[in-house]
Amino acid sequence: MSFQAYLDNIEDKTGVTPRRFIELAGEKGFGPGTKAGEIIAWLAEDYGLGRGHAMALVHVITKGPKIDPKHVGSGGAHSDASDTLWLDGKATKPA
């Protein structure tokens with residue numbers, strides 16, 4: 001599953017866009033420098049997310065929407081089309 005697919009699946013499961021998760025994390029004091037375990041625990045408790053999905057959000061909460069270019073266009077199961085993740089929800093994602 002691509003990084004973007006993880007984020008899209010999280011939105012399907014929770015109804016919350018990645019951008020909103022970043023805002024909610026900020027309200028809890030989470031951001032760059034926050035340990036992954038703290039964010040994972042919050043996402044599991046409040047949203048029922050497992051570790052894999054939570055780690056996708058940990059990345060965007062702590063590092064932003066850019067991903068390593070090695071994951072772009074590799075053709076593998078985890079390949080993404082772009083090095084920048086779309087955070088504003090599936091309905092508004094450009095084609």
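This is a predicted model: local features need pLDDT of at least 70, side-chain atom pairs count only at pLDDT 80 or more; totals for chains, interfaces and linings use all residues.
Six salt bridges are counted in the model. One of them joins Asp-8 and Lys-93, with a distance of 2.5 Å between the closest N and O atoms. Asp-8 belongs to helix H1 and Lys-93 to the segment after H4, so this pair ties together parts that are 85 residues apart in sequence. Asp-8 is buried, at a relative accessible area of 14%, whereas Lys-93 is partly exposed, at 30%.

A salt bridge also links Asp-12 to Lys-90, where the closest N and O atoms are 2.7 Å apart. Asp-12 lies in helix H1 and Lys-90 in the segment after H4, so parts 78 residues apart in sequence are tied together. Asp-12 is exposed, with 51% relative accessibility; Lys-90 is partly exposed, with a relative accessible area of 36%.

Asp-88 and Arg-19 meet through their side chains in a salt bridge with an N to O distance of 2.7 Å. This pair links distant parts of the chain, with Asp-88 in the segment after H4 and Arg-19 in helix H2 (residues 18-27), 69 residues apart. Both count as partly exposed, Asp-88 at 34% relative accessibility and Arg-19 at 35%.

The largest pocket holds about 220 Å³ of space. Two or more lining residues come from each of helix H1 (3-14) and H4, and H4 gives the most, with three residues. The lining includes Met-1, Ser-2, Phe-3, Tyr-6, Ile-67, His-71 and Asp-80.

Asp-80, which lies in the segment after helix H4 (51-63), is buried but has no salt bridge. The nearest side chain of opposite charge, that of Lys-93, is 8.2 Å away. A polar atom of the Asp-80 side chain lies 3.0 Å from the backbone nitrogen of Gln-4. With neighbours within four places in sequence left aside, Asp-80 is in contact with Ser-2, Phe-3, Gln-4, Ile-67, His-71, Val-72, Gly-73 and Leu-85.

Pro-65 is also placed in the segment after H4 and is partly exposed, with a relative accessible area of 31%. Residues up to four places away in sequence not being counted, Pro-65 touches Val-60, Asp-83, Thr-84, Leu-85 and Leu-87. The C-alpha atom of Pro-65 is separated by 13 Å from that of Met-55, ten residues apart along the chain.

Technical notes
Residues are numbered from 1 along each chain as its sequence is written. Side-chain values use heavy atoms; hydrogens and water are left out. Helices (H or I, at least four residues) and strands (E, at least two) are DSSP runs, numbered from the N terminus. Buried means under 20% relative accessible area, exposed over 50%, partly exposed in between (1.4 Å probe, protein chains only). Lys and Arg count as positive and Asp and Glu as negative; His and the chain ends are not counted. A salt bridge is a side-chain nitrogen of Lys or Arg within 4 Å of a carboxyl oxygen of Asp or Glu. A polar contact is a pair of N or O atoms within 3.5 Å; within protein, one must be able to donate a hydrogen and the other to accept it, and residues adjacent in sequence count only if both atoms are side-chain atoms. Contact means heavy atoms within 4.5 Å. On a 1 Å grid over the protein atoms alone, a cavity is a set of points where a 1.4 Å probe fits but cannot get out, and a pocket is an open set with protein on both sides within 12 Å along at least five of seven lines; lining residues have an atom within 4 Å of a point. Grid points are joined across faces, edges and corners, and a volume is the space filled by probe spheres set on the points.
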